[in-house]
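Hi,

Here is the structure I promised to pass on. Have a look at it first, and then read my notes below.

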Amino acid sequence: MPHPTPVAKRRGAGKAAVGDVGRPPVAWAVPGILFFAVFAIVPLAIAVYLSFCTWDGLDSPTLTGLDNWTRLFKDSEFGQAAWLSLLLTTISWLFQTPVALLLGVWAAGRQRGRAFLSAIFFIPLLLSTTAIAMLFHALLDPNFGVVRTIGPWLGIDPNVMGSSTGALLVVAFVGGWQFMPFHTLIYQGGARQIPEVLYQAASIDGAGLVRQFLHITLPQLRHTMTTSSVLMIVGSLTYFDTVLIMTKGGPGTDTTILPYLMYRTGFQTYDLGYAAAVATALVVVATSISLLMVRLSGFGSMRSTREGM
Amino acid sequence: MRSGIFTQGTRTTRWAAAGAAMVMAGVLAGCGSGSGGSDSGTLTAYVYGDDAVKVQQAAVDTFNKTSKVKVKLVSVPGTDYVNKLRSAMGSPSAPDVFFNWGGGSIKPYVDSGDLVDLTSTIENDATLKDGFLPSIMTAGGLEGKVYGVPMRGMQPVMLFYNKALFAEHKIEPPRTWEELQAAIKTFKDAGITPFALGGSDKWPELMWMEYLLDRIGGPEVFRKIQDGDTQGWGDPAVLKTARTVKELIDDGAFGKNFNSVDYGNGGAPTLLNKGKAAMHLMGSWEYSTQLGKAPEFAKKDLGWTAFPTVAGGVGDPANVVGNPTNYWSVNARTKHKDTAVAFLKTMASQTYAQALVDNGDVPTTSGAASMLSGSPNPQFATDQYDMVRKAPSFTLSWDQALEAQYATPLLTEISKLFAGKTTPEQFVEAMKAAK
């Protein structure tokens, strides 16, 4: 801003005491803060408190100190669930990012029929997760589903939901299928922001499509990628509905990821104290991974990708 | 920052903030006070919401005509029932009377003193005492005490089979273990899955465990576990049951895909009615399921029989497992206990039993036999009633008999055993260790 002082004067007219000129007063944030406090901070605090209690939901919670937490670190089922959650997150990221990135960049262009196809790609996001899970469950029925007929041609065992790896891959696939349009949209928006001149300059210098993609599009989309990845990772770590409907954590416990373990412990076993410990652990893990990603990618420093332009 | 949030900014923003704060306060207050379920003059009854609710609604309507305190029936959708009841019982808006499965499903409420002990009430009341089949009354009780009055039809687990397939391969439905093994071989050779099994739902697998343990070790083995002795899982009969399950799986009795077949969405019933599977061990509701899915098949080719004997087993082959029935229990905090008991008494009436029969259910009242000829499916209803009436013992489904804290791990462990993730020995160890 070349002339900050006159602007400040005009805004601050009649209220000389206001110090931070040009920024809205803190009072504006009150509704937001209250909302966040009541619906996020307070429940989170209660969950943390409950994680030190034994509670069956009927009587009052009784404090049992670190019992739930020592149990958590010894529980092989928790270990398995944490491992499966990480595995699912990794698979989801590896599956969704390349496809969403390419689709998004493609959708940002001006090709014929682009708007029409983009609209079609967007459809999965509009369906409810439950509907999608039921749909895939029916398609993958080993005796009467489509997988019975066309599975063998594609080298897919019709019993894919009955095998450990198969079931986990199906869960990752269904989640990816549903959320890819969302990430495509993010990448599309990101790609639209890239100044046209960069491509024009690159063309003049003789760079082909692939080189333009690698040296202009990808670096310019760095922040978009962080945004999308954080959403993807947090989404996968808290992924639940599809598991509940399609596999119920099975076969055995081979798709019992952390959120499902939490649900089972909390709302089927009614061991709400231990479930709260699982939930708290999940919050800690998801938050640390997000923070770590933001830190490592340099997203937090808010440096522009257009520096020097 | 020196100034507080309310002293900063213009008058408008201050008002907006204050308004928002008040809205939030209202929300908070709303969370705290639940609307009372039992206002004076009303008795709230929670019932599992499915097709049968109309029978209970009719009973409530009749009862309300003469009663001063009115019963209000709340139909809670089936899938939410257990959770909704659980949260309601811990709140000020708890129901006065509620539907349950007896056994472990009410144990937490009994333990926290939430239920009225009906033992003496029933003992002193001829209508209630002689009104129901004895095995049904015992099955729903807890440690010798009665907390519920039967209120719906019986649901024993039976062996259903496809008559056409048995006729085609010229064999009879199995009555002994040898016959069962012979049948498995015959159907396997013909490319037919011997037993349909909805393994992805887990509880259909449980039915196999229940019957096998009952036939191998008798009902006492599970009784002991149900009464709180987790070491009861260490009984040799449990290990033998788990080993038998493994043998059945290895023999291909359930085919290869059963882990991804479900019951809820119709996978296993369809296998039976399409002739892809020969038999199906399932609760008696299988009949109406088939009637809905494949009416032709249900009327012509659906057969049913008792679970076969198991070689070397000590259990009485006439024993039955499943859901004896559902019960009404009374909340100890109710203001209208007498009305509640009076309402429960109507469950033993002829009229109510007749309404159940008309709905296709088999009532658990002692005088129901004569009514069954009027049932939409008299033969099935009579066979089912006789099976339960003659049964020396009716073991309640394990997942209902045990408290949720044991039942959920049990289902998980059984699912692991069936999926081949654990050995029979590991299953026993895991169950013994369940906390």
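Which domains does the domain assignment give for chain B? There are two entries: domain 1 (42-153 + 324-395) and domain 2 (155-322 + 403-433), with bounds that come from an automatic or database domain assignment.

Before going on, a word on the ground rules. This is a predicted model, where local features need pLDDT of at least 70 and side-chain atom pairs count only at pLDDT 80 or more, while totals for chains, interfaces and linings use all residues. Residues are numbered from 1 along each chain as its sequence is written, with chains lettered from A and ligands numbered from 1 in the order in which they are written.

Back to the two domains of chain B. Their C-alpha centres lie 28 Å apart. Across the boundary, 19 residues of domain 1 are in contact with 20 residues of domain 2 (contact means C-beta atoms, placed from the backbone, within 7 Å). On the domain 1 side, α18(B) brings the largest share, 6 residues. Helices here are DSSP runs of H or I with at least four residues, strands are runs of E with at least two, and both are numbered from the N terminus. That side of domain 1 splits into 7 nonpolar, 8 polar and 4 charged residues; Ala, Val, Leu, Ile, Met, Phe, Trp, Tyr, Cys and Pro count as nonpolar, Asp, Glu, Lys and Arg as charged, and the others, Gly among them, as polar.

Next, the inside. The largest nonpolar core has 167 residues, and A:Leu258, A:Val278, B:Phe160 and B:Val245 touch the most other members. Such a core is a set of buried Ala, Val, Leu, Ile, Met, Phe, Trp, Tyr and Cys residues joined through C-beta atoms within 7 Å. Buried means 20 or more other C-beta atoms within 10 Å of a residue's own, exposed means 12 or fewer, and partly exposed is in between, with C-beta atoms placed from the backbone. Helix α14 (residues 272-297) of chain A gives the most to this core, 10 residues. Leaving aside neighbours within four places in sequence, the contacts of A:Leu258 include A:Ala81, A:Leu237 and A:Val278.

Most residues other than glycine have a negative phi. B:Glu143, not a glycine, has a positive phi of about 50°, and B:Lys202 has one near 70°. Are they buried or exposed? B:Glu143 counts as exposed because it has 9 C-beta neighbours inside 10 Å, whereas B:Lys202 is buried, with 22 other C-beta atoms within 10 Å.

Cheers

Conventions: Contact = placed C-beta atoms within 7 Å.
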